[in-house]
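The structure comes first, then the notes by topic.

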Amino acid sequence: RLSLFEKKERRFHKNLTPYKQPKWNNIKVLTQNVQGYSGNQACKKDYISNGMNKQKQPTIMLTQETWEKDNNNTEINNTLFILHGDNTKKRGGVGIVLLKWAMKAWKAAGEPNPIRPPEAANATRTIALKLLFFDKKKKLLKIFVISAYMSCSLFNNDEYEETLNQIQQLIHMWPADSIIIIGGDFNASMGIREENDESKVTGPH
């Protein structure tokens with residue numbers, strides 16, 4: 001039995017028309033800690049936009065540490081920046097950057113507002129967005145992208161779990177046939193694990 005959400009999804013998808021696409025087989029997804037866009041860092045948007053426009057296929061960049069003055073969507077040279085953060089703290093903040101064809105997929109989905117959850121572990125750490133792509137056979141692909149900025153080893157387990165729970169809640173918001181992509185700065189500590197120490201190091205080496 002379909003849920004109310006799934007019924008609305010089906011009615012919406014019936015009215016969609018596959019937009020004209022170039023011949024491509026893959027969607028490229030990048031992730032990058034940009035370490036701020038404000039003040040002297042504002043030129044980074046132009047740099048990212050110019051770099052992404054060299055890509056030949058739909059490209060999505062999931063960014064972290066994007067604290068800025070506001071959370072408005074900004075378009076620069078066919079590149080859309082969707083941000084979520086608080087520049088007064090100078091930490092945290094996440095974003096999703098869409099190149100031309102990925103931006104068309106966002107518009108095909110009805111230009112949905114991004115999901116901007118509240119703070120976790122004293123910072124803005126997650127943002128999510130729905131996109132709709134059509135493959136070469138005109139089959140509808142529902143893509144759900146999440147950008148995450150995990151707390152580092154200086155935070156306690158409860159604060160770390162708070163961010164993980166937030167990501168889990170975002171995943172549960174979407175139907176099982178969605179393709180979920182998660183990218184981010186996971187702040188893993190690499191090194192050699194000491195005996196009886198499993199909390200700060202990823203892997204034995």
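The model is predicted. In this numbering, threonine 124 lies in the loop that runs between α3 (100–108) and β6 (126–134).

**Threonine 124**
- Threonine 124 has a relative accessibility of 7%, so this residue counts as buried, the limit being under 20%.
- Leaving out residues up to four places away in sequence, threonine 124 touches His84, Gly85, Asp86, Gly92, Gly93, Val94 and Glu119.

**Salt bridge**
- Side chains of opposite charge can pair when their charged atoms come close.
- The count of salt bridges in this model is one.
- The partners are lysine 142 and aspartate 177, whose side chains meet at 2.9 Å, N to O.
- This pair links distant parts of the chain, 35 residues apart: lysine 142 belongs to strand β7 (residues 140–149), and aspartate 177 to the loop between α4 (157–171) and β8 (179–185).
- Lysine 142 counts as buried because its relative accessibility is 13%, which falls under 20%.

**Nonpolar surface patch**
- Ile180, Ile182 and Phe186 make a nonpolar surface patch of about 230 Å².
- Among them, isoleucine 182 sits in strand β8.
- With a relative accessible area of 37%, isoleucine 182 is partly exposed.

How values were computed. Residues are numbered from 1 along each chain as its sequence is written. This is a predicted model: local features need pLDDT of at least 70, side-chain atom pairs count only at pLDDT 80 or more; totals for chains, interfaces and linings use all residues. Side-chain values use heavy atoms; hydrogens and water are left out. A salt bridge is a side-chain nitrogen of Lys or Arg within 4 Å of a carboxyl oxygen of Asp or Glu. Helices (H or I, at least four residues) and strands (E, at least two) are DSSP runs, numbered from the N terminus. Buried means under 20% relative accessible area, exposed over 50%, partly exposed in between (1.4 Å probe, protein chains only). Patches are made of residues with over 30% relative accessible area and no salt bridge: like charges are joined within 9 Å, nonpolar side chains (Val, Leu, Ile, Met, Phe, Trp, Tyr) within 5 Å. Accessible areas come from the Shrake-Rupley method with a 1.4 Å probe; for residues, only the protein chains shown count as cover. Contact means heavy atoms within 4.5 Å.
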